[in-house]
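Here is a short report on the voids and the overall build of one model.

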Amino acid sequence: MYQYDQYDQAMVDARVAEFRDQCQRRIDGKLTEEQFKPLRLMNGLYLQLHAYMLRVAIPYGTLSGRQMRALADIADKFDRKYGHFTTRQNIQYNWIKLEDAGDILAELAKVEMHAIQTSGNCIRNISSDHFAGAAADEVTDPRPYAELLRQWSSFHPEFSYLPRKFKFAVIASDTDRAAMRLHDIGIQIVRNEAGELGAAFYVGGGMGRTPMIAPCIRQFVPLDQLITYSEACLRVYNRYGRRDNKYKARIKILVHELGAEEYTRQVEAEFAHLLEQGIEPPFAELARIRTFFEDPAFEAGAADELDRSDPDFAVWADRNTHPHKQAGYLSAVISLKPVGGIPGDATADQMRLMAQLAEDYSFDECRVIHTQNIVLPHVRKADLYAVWQKLEASGLGTPNLDQVGDIIACPGLDYCSLANARSIPVAQRISERFAANGKGETLGELKLKISGCINACGHHHAGHIGILGVDKKGVENYQLLLGGSEAEDTSLGKITGPGFSEDGIVDAVETAADVYLAQRQDGERFLDTYRRIGMEPFKEALYG
Amino acid sequence: MAELLRFRDDAVPAEPAVTVDAFVEQSNALAVRIEPGDDARKLIPFLDRLRLVEVNFPVFGDGRGYSAARILREHGYSGEMRAVGDVLVDQIAYLQRCGFDAFEPDEPLAAEDVEKALARFPQAYQQTTDGRIPIWDLRHGTAHG
């Protein structure tokens, strides 16, 4: 994985000093909260309902064992012995004291980590495919390009006061595991007919209150123009994105209002100009970054058989692993969704165990998935049973990847000052309901996503089943959506009809699941059945 | 009048700044003031007679002025580029990187804070128009001059 050199380290160290200074000015009363707010937000420090929350960047979700351990230590020392992994492949600490913020950043800097641009109207942490470098279906590892973009976007002087936040995702396979088209810019690394690698640019996707699927504005940007093209996309947005209304300020609104064709025309004109400015890093820089993402020393001829004699292990192995490009290896997914648990939360001790497993069994690497789980990307099949036993002993062996219990949920009204309704208790109750009725396994792949407000941090638009919490005259009310997908068949869910109470929404999810079970044909997932039969049968069962 | 912080050796232009539209129409105007919604590219045909560009930041969070300044620098403008308005010490390094060489903030900035802010980051990841050598050039020795 990528390692800092003296330049990267100096930049992060400078940021620690700067932010320490800003926090001190606030504590001393030299900055008002109003003046301090944009500064702390540029560094991932939010003031939530009960305390400060600090969001730490995990570039493209990749962590070494040492880094995961440092995150555990921070949870122990500065928080309540746990952390929350997010849909941006980051981690958040919910109970931070302002006085500690500088020290936490200093701890992070020691392991080449930071909280730079994890909030604010700037380019946020670059996300990517969590199976990068391991999946058999990728044309190349997308992470070198994500790293190139990370450096370019860090402290970008022109794009630090954009109309609104800005999110990139980079993938390199036709299977989209990163919700690429629901980002401000989604990049797919592709190979053209001449066999050269390049980048397809999808611009103007997003969730929030106006969900949109990004159109492709260019099929192929040569790799030695990747930064220049990104700069052109951002400059047009910075100049013409709406600033009169924060709810219309994301790039998706600009692309929608101008039309993809006109936006593209403006980007291409800017691109032609910027190509003459020499702003693209030399190819040698990309080559340098690539060396950090070469394959680890896989064991040639590793045994390709799994010992499935333990039935509980066999269930987990079938459910929570993903095929690897190297024979004899798998990617193993650690579910942070135990029955009735808080989606994405991990205790400090669990983080330490995951760090140890990464070091012992996965070439010192683990990844955060945007579904709030953790991957050990490179596990020998021969070691998988030992890995599972250790996970199982620590409450991390839940076999529910992509099932109804593997719920994405935002922090909701339990923590977030923007929320209208609680998300976590709803997720917990749904998870318990399907564990009790035993339907989880029968239902197969069913992606359920819950947001506690219209900002859609819980990706409810993209859930096969989505839930949106709203405030209805002071009472929490939950809308049900069906038919969303964040994968390569991207679609946006549709609201079924009137919302439900907290009890009612749990019943409604089960009712929708039952409609699917009654109607499904061979091999169909919930989403496939919904797409075939449409909304009506579900509506009838829910409201009829 | 707000205090002027200037990183240039030439004389301060005395001409009053006019709006972009007025500047384009008046062949004797020498100074212009760009508001956030203005298109800086309208000035490109007139760079020869331009002595002073003021870019107004009514609120510091409106970042359009950063693009305006860089565009003019990329097209060869070498006169004074002055950031005016809600200009705070925490933005000053980014403004400088985008081509600003004079600052006229609504609230005066302490000289030592400015010095500290401009010296804070040892290097930069991007190529802009301020002449700093980006990190990728330092790594690979591809810097010219």
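How do the residues of the lining of the largest cavity divide into nonpolar, polar and charged? They divide into nine nonpolar, three polar and three charged. Ala, Val, Leu, Ile, Met, Phe, Trp, Tyr, Cys and Pro count as nonpolar; Asp, Glu, Lys and Arg count as charged; the others, Gly among them, are polar.

This is a predicted model, where local features need pLDDT of at least 70, side-chain atom pairs count only at pLDDT 80 or more, and totals for chains, interfaces and linings use all residues. Residues are numbered from 1 along each chain as its sequence is written, chains are lettered from A and ligands numbered from 1 in the order in which they are written, and side-chain values use heavy atoms, without hydrogens and water.

**Voids**

The search runs on a 1 Å grid over the protein atoms alone: in a cavity a 1.4 Å probe fits but cannot get out, while a pocket is an open set with protein on both sides within 12 Å along at least five of seven lines. Lining residues have an atom within 4 Å of a point. Points are joined across faces, edges and corners, and a volume is the space filled by probe spheres set on them. The count comes to 11 cavities of 30 Å³ or more.

| Void | Volume | Residues closest to its centre |
|---|---|---|
| Largest cavity | about 170 Å³ | A:Pro59, A:Tyr60, A:Thr62, A:Gln67, A:Glu112 |
| Second largest cavity | about 100 Å³ | A:Trp152, A:Pro281, B:Tyr125, B:Gln126, B:Trp136 |

In the largest cavity, β3 (62–63) and α5 (143–153) of chain A each supply at least two lining residues. Helices (H or I, at least four residues) and strands (E, at least two) are DSSP runs, numbered from the N terminus.

The second largest cavity draws on chains A and B. At least two lining residues each come from α5 and α6 (226–240) of chain A and from α5 (135–140) of chain B. Its lining has eight nonpolar, three polar and four charged residues.

**Chain A**

Chain A has 17 helices and 20 strands. Its radius of gyration is 23 Å, close to the 24 Å that the globule rule gives for 544 residues, so chain A is as compact as a globular protein of that length. The radius is taken over C-alpha atoms, and the rule is 2.2 Å times the number of residues to the power 0.38. The C-alpha trace spans about 60 × 60 × 55 Å along its principal axes. Buried residues (under 20% relative accessible area, 1.4 Å probe, protein chains only) make up 63% of chain A.

How values were computed. Buried means under 20% relative accessible area, exposed over 50%, partly exposed in between (1.4 Å probe, protein chains only).
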